[in-house]
Amino acid sequence: KFITGGECVDYFSTMLRTGGPGFQGLSILLVPAGSPGVKIQKLKAAGWWAGNTTLVTYEDVQVPVGNLVGSEGMGLPIMATVMNGERLIGCVGALRAARTLLSE
């Protein structure tokens, strides 16, 4: 529900259940931010005010079948692959901060 930059995007990539139990029932859809039923609310951030942290809620949102990313039921493997890049970015940022602290 929480996302950074939620007020300045055209689409949300959203993992949702399209099948049975377990991770095989999860898929990813691109949800247009301007769709009826999509509510975007800016949240007060504790420190990173420029991050544009928002709460996104969906209520009876209809999304075309063509907005499915990959195959139905492949949401978790797709998201895990995408998160590898996110983890790398986090590691690089942490290393840079540590080097800066050690050099000062």
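Asp60 counts as exposed because its relative accessibility is 72%, where exposed means over 50% relative accessible area, buried under 20%, and partly exposed in between (1.4 Å probe, protein chains only). This is a predicted model, in which local features need pLDDT of at least 70 and side-chain atom pairs count only at pLDDT 80 or more, while totals for chains, interfaces and linings use all residues. Residues are numbered from 1 along each chain as its sequence is written, and side-chain values use heavy atoms, with hydrogens and water left out. Let's walk through the strands, the helix and a few loop residues together.

- An open sheet is built from three strands in the order E1-E5-E4, with antiparallel pairing; strands (E, at least two residues) and helices (H or I, at least four) are DSSP runs, numbered from the N terminus, and two strands pair if DSSP finds at least two bridges between them.
- At the edges sit strand E1 (2-4) and strand E4 (38-42), each of which pairs on one side only.
- On average, neighbouring strands of this sheet are turned by 35 degrees against each other, direction ignored; axes are lines fitted to C-alpha atoms, for helices over the stretch in contact, and angles run from 0 to 180 degrees between N-to-C directions.
- E1 is joined to strand E5 (residues 53-58) by three bridges, and the two run antiparallel.
- Lys39 has Thr57 in E5 as its bridge partner.

- Another three strands form an open sheet in the order E2-E3-E6, and the pairing is antiparallel.
- Here the edge strands are E2 and E6, each pairing on one side only.
- Two bridges link E3 and E6 in the antiparallel sense.
- Ile28 finds its bridge partner, Val69, in E6.
- Helix H1 (residues 75-103) lies across E2, E3 and E6, running at about 70 degrees to E3.

- Phe23 belongs to the loop between strand E2 (11-17) and strand E3 (26-32).
- With 43% relative accessibility, Phe23 counts as partly exposed.
- Setting aside neighbours within four places in sequence, Phe23 is in contact with Gly73 and Leu76, where contact means heavy atoms within 4.5 Å.
- From C-alpha to C-alpha, Phe23 and Gly93 are 30 Å apart in space, and they are 70 residues apart in sequence.
- Ala46 has its place in the loop between E4 and E5, and it counts as exposed because its relative accessibility is 84%.
- The C-alpha atoms of Ala46 and Val92 are separated by 23 Å, and the two residues are 46 apart along the chain.

**Back to Asp60**

- Asp60 lies in the loop between E5 and strand E6 (68-69).
- Most residues other than glycine have a negative phi.
- Asp60 has a positive phi of about 55 degrees, although it is not a glycine.
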